[in-house]
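Keep the model open as you read.

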Amino acid sequence: MTARAGEPFDTDRAVSDIEAALSVPLPESGPAADEGEPGTGEWTSTRGEGFLLLPLWESEALTGVYGREWNDAEAAAEANLAALVSELDRRWGPHRTVTMGPALLRRPAAEPFRTLVAKDCNGDLTLWGPVPDPGGRLAAVSLNQSDGDAPLILTALITDRPLPDVTVL
């Protein structure tokens with residue numbers, strides 16, 4: 001679970017969270033480390049060498065949800081992603097898509113992909129950048145689900161490094 005569990009999706013809040021993350025110091029080196037809410041331990045972010053990964057929204061768990069209800073939950077999550085992408089395109093211009101395909105799922109060595117796969121954040125990355133901020137960072141969002149019963153999670157990735165050679169559409 002993330003610290004966003006139970007919160008309704010809000011495009012403005014998600015954009016604000018991403019913009020705030022663009023100015024957060026990123027580790028120069030070292031292994032990726034998760035951060036959590038002090039009282040609950042729920043995931044709030046992961047920081048690693050040159051990147052920050054954070055949840056923006058989490059759906060309800062889909063345990064026991066099937067058929068039309070599952071399709072509706074997936075459509076709602078995809079609509080949240082589309083609304084966020086539309087707003088970020090408006091602010092930063094057209095995005096690119098980085099495909100998190102089969103090659104990346106075979107234990108990638110490079111960060112941030114190693115952490116994305118380890119955190120089950122395997123959704124394609126919708127990527128902008130460098131975005132207009134003092135550090136010229138890249139920002140990406142993705143929709144993820146670790147398995148069919150798990151919640152859908154919308155995440156943001158901020159990095160100050162070029163992404164390794166992967167399929168970009």
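The text below starts with the fold and ends with the salt bridges.

This is a predicted model. The protein chain holds four helices and seven strands. From the N terminus, their order is α-β-β-β-α-β-α-α-β-β-β.

Next, the dimensions. The C-alpha trace spans about 45 × 35 × 35 Å along its principal axes. A compact globule of 169 residues would have a radius of gyration near 15 Å, and the protein chain agrees, with 15 Å. Of the 169 residues, 44% count as buried. Among contacts with a separation of 6 or more, 62% join residues 24 or more positions apart. The accessible surface is about 8,600 Å². Carbon and sulfur atoms make up 52% of that surface.

Now the charges. The chain carries 13 positive and 27 negative charges, and their mean positions lie 5 Å apart. The structure has 14 salt bridges.

One of them pairs E19 with R91, at 2.8 Å from N to O. E19 sits in helix α1 and R91 in helix α2, so the bridge ties together parts 72 residues apart in sequence. E19 is partly exposed, at 35% relative accessible area. R91 is partly exposed too, at 36%.

R161 meets E28 in a salt bridge of 3.5 Å. E28 lies in the loop between α1 and β1, and R161 in the segment after β7, so this pair ties together parts 133 residues apart. R161 also bridges to E49, at 3.3 Å. E49 belongs to the loop between β2 and β3, 112 residues from R161. E28 is exposed, at 58%, whereas E49 is partly exposed, at 38%.

Finally, salt bridges link R4, E7, R13 and D17 in a network.

Key. Residues are numbered from 1 along each chain as its sequence is written. This is a predicted model: local features need pLDDT of at least 70, side-chain atom pairs count only at pLDDT 80 or more; totals for chains, interfaces and linings use all residues. Side-chain values use heavy atoms; hydrogens and water are left out. Helices (H or I, at least four residues) and strands (E, at least two) are DSSP runs, numbered from the N terminus. The radius of gyration is taken over C-alpha atoms; the globule rule is 2.2 Å times the number of residues to the power 0.38. Buried means under 20% relative accessible area, exposed over 50%, partly exposed in between (1.4 Å probe, protein chains only). Contact means heavy atoms within 4.5 Å. Accessible areas come from the Shrake-Rupley method with a 1.4 Å probe; for residues, only the protein chains shown count as cover. Lys and Arg count as positive and Asp and Glu as negative; His and the chain ends are not counted. The place of a charge is taken as NZ of Lys, CZ of Arg, CG of Asp or CD of Glu. A salt bridge is a side-chain nitrogen of Lys or Arg within 4 Å of a carboxyl oxygen of Asp or Glu.
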